[in-house]
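Biologist: Please take a close look at one part of this model, the hairpin and what surrounds it. Keep it brisk.

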Amino acid sequence: MHDIVVPSLSPEESATISVELTVPPQTETPKSLFAEFELIDSQEIPFGSRLNLKVNVQPEQLVFSDINQPPVANEANLLVQLQNAGFTDVRACIIAIRENQGDLNAAALALLRSDQ
């Protein structure tokens with residue numbers, strides 16, 4: 001749980017509270033993420049309505065009509081792993097994954113050899 005402290009307000013005052021949420025950029029299967037927020041006073045007594053948030057994260061569909069190799073199993077996960085390793089060219093990563101039949105190490109080596 002994270003606390004956001006706001007200044008005390010009188011009953012006729014209002015304030016805007018913003019919260020930055022980060023969700024996974026890609027997922028192989030749909031996922032639902034949940035968060036719940038509530039306001040509490042200085043004595044830690046809740047007041048007002050709770051805010052319930054549900055975020056649906058859908059799998060990213062990458063379509064490159066000029067890539068002749070068919071998609072491989074677990075492609076989205078392999079792409080994320082390559083991106084986490086610093087490979088940022090999505091198209092080049094997909095080609096490397098497919099040309100190496102989903103072998104992550106071989107795909108990374110291919111990308112290194114091609115300076116991607």
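**The hairpin and its surroundings**

Modeller: Val57 is buried, because its relative accessibility is 8% and the cut-off for buried is under 20%. Keep in mind that this is a predicted model. Val57 sits in strand E2. Its bridge partner is Lys31. Another residue to check here is Ser32. The C-alpha atoms of Val57 and Ser32 are 6.2 Å apart, although 25 residues separate the two along the chain.

Now the pairing as a whole. Strand E1 covers residues 31–40, and strand E2 covers residues 46–57. The two run antiparallel and are joined by nine bridges. Together E1 and E2 make a hairpin, with five residues between them. Glu44 lies in that turn and has a positive phi of about 65°.

Next, the surface. A nonpolar patch there is formed by Ile4, Val6, Ile17, Val19, Leu21, Leu39 and Phe47. Together these residues have about 590 Å² of accessible area. Val19, one of the patch members, belongs to the segment before E1. Val19 counts as partly exposed because its relative accessible area is 40%, which falls between the 20% and 50% cut-offs.

Last, a residue in a helix. Arg98 is part of helix H2, residues 90–99. Arg98 is buried, because its relative accessibility is 8%. Leaving aside residues up to four places away in sequence, Arg98 touches Ile67, Gln69, Pro70, Pro71, Val72 and Glu75.

Terms used
Residues are numbered from 1 along each chain as its sequence is written. This is a predicted model: local features need pLDDT of at least 70, side-chain atom pairs count only at pLDDT 80 or more; totals for chains, interfaces and linings use all residues. Side-chain values use heavy atoms; hydrogens and water are left out. Two strands pair if DSSP finds at least two bridges between them. Helices (H or I, at least four residues) and strands (E, at least two) are DSSP runs, numbered from the N terminus. Buried means under 20% relative accessible area, exposed over 50%, partly exposed in between (1.4 Å probe, protein chains only). Patches are made of residues with over 30% relative accessible area and no salt bridge: like charges are joined within 9 Å, nonpolar side chains (Val, Leu, Ile, Met, Phe, Trp, Tyr) within 5 Å. Accessible areas come from the Shrake-Rupley method with a 1.4 Å probe; for residues, only the protein chains shown count as cover. A salt bridge is a side-chain nitrogen of Lys or Arg within 4 Å of a carboxyl oxygen of Asp or Glu. Contact means heavy atoms within 4.5 Å.
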